[in-house]
Amino acid sequence: GLDQLASGLGWASELLGATSQRAAEAAAPASTGGLPLDDEFTPGPAETDEAVRRRYGVGRNLLVRFADDGIDQSSGLARLLQSRFTDEVTGIGGRLDFRKLEGTHVTPNAPRLPSDAEIRRILSAAGMPLDLADAVGGIREVASKAARERETASKTVADFVLSETQKAREG
């Protein structure tokens, strides 16, 4: 019930925290003094699969696959979750919701782009020409699309968690 959901959410939160930290490091190469960063996620796919096999206890799951994600591994994870939570004899077991959304592998980690006013304020404070803010126009279009994709993904996950919480309370 709720204890199992809380345990699974805690584990997922740790995994997302580690992934977000790595994404933040990759997005800020200037802060590394020009040194190369390790571009692998921690835990890696094999470690994630092993953790799911050994200790993941939530039988009702949502997997999100992004349409333009060339390195997506959700199909393999789906098979792993199904085998972990489906009884071999009865074929009855956990539930797996699978959603395909617009976006890329980094959609969940895409940073928010500052508003035009924020950019102009930053440029002004740095003594830089304000016409540089106009160059952000094309970037803003891409960032707006990424923000919409991130919001859709966030809403999809939040709706799933709310639905599962309600089901746990009822049953």
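1. Helix axes here are lines fitted to C-alpha atoms over the stretch in contact, and angles run from 0 to 180 degrees between N-to-C directions. Helices (H or I, at least four residues) and strands (E, at least two) are DSSP runs, numbered from the N terminus.

2. This is a predicted model, in which local features need pLDDT of at least 70 and side-chain atom pairs count only at pLDDT 80 or more, while totals for chains, interfaces and linings use all residues. Residues are numbered from 1 along each chain as its sequence is written, and side-chain values use heavy atoms, with hydrogens and water left out.

3. The protein has five helices and two strands, arranged along the sequence as α-α-β-α-β-α-α. Of its 171 residues, 24% are buried (under 20% relative accessible area; exposed is over 50% and partly exposed is in between, with a 1.4 Å probe and protein chains only). Where contacts (heavy atoms within 4.5 Å) link residues at least 6 apart in sequence, 74% join residues at least 24 apart.

4. Helix α2 (residues 45-55) packs with helix α3 (residues 74-85) at an angle of about 10°, the axes being 10 Å apart. The pair is therefore roughly parallel (angles under 35 degrees; over 145 is roughly antiparallel, 65 to 115 roughly perpendicular and the rest oblique). The crossing of α2 past α3 is right-handed, the near helix being turned clockwise from the far one by less than a right angle.

5. On the α2 side, the contact uses Asp 49, Val 52, Arg 53, Arg 54 and Arg 55; on the α3 side, Leu 77, Leu 80, Leu 81 and Arg 84. These residues comprise four nonpolar, no polar and five charged (Ala, Val, Leu, Ile, Met, Phe, Trp, Tyr, Cys and Pro count as nonpolar, Asp, Glu, Lys and Arg as charged, and the others, Gly among them, as polar).

6. Asp 72 sits in the loop between β1 (60-66) and α3. Its relative accessibility is 17%, so Asp 72 counts as buried. Its side chain makes polar contacts with the side chains of Arg 65, at 3.2 Å, and Ser 74, at 2.5 Å (a pair of N or O atoms within 3.5 Å; within protein, one must be able to donate a hydrogen and the other to accept it, and residues adjacent in sequence count only if both atoms are side-chain atoms). Beyond neighbours within four places in sequence, Asp 72 contacts Val 64 and Arg 65.

7. Leu 96, in strand β2 (residues 95-101), counts as partly exposed because its relative accessibility is 24%. Setting aside neighbours within four places in sequence, Leu 96 is in contact with Asn 61, Leu 63, Ala 78, Leu 81 and Gln 82. Leu 81 also belongs to the α3 side of the contact with α2.
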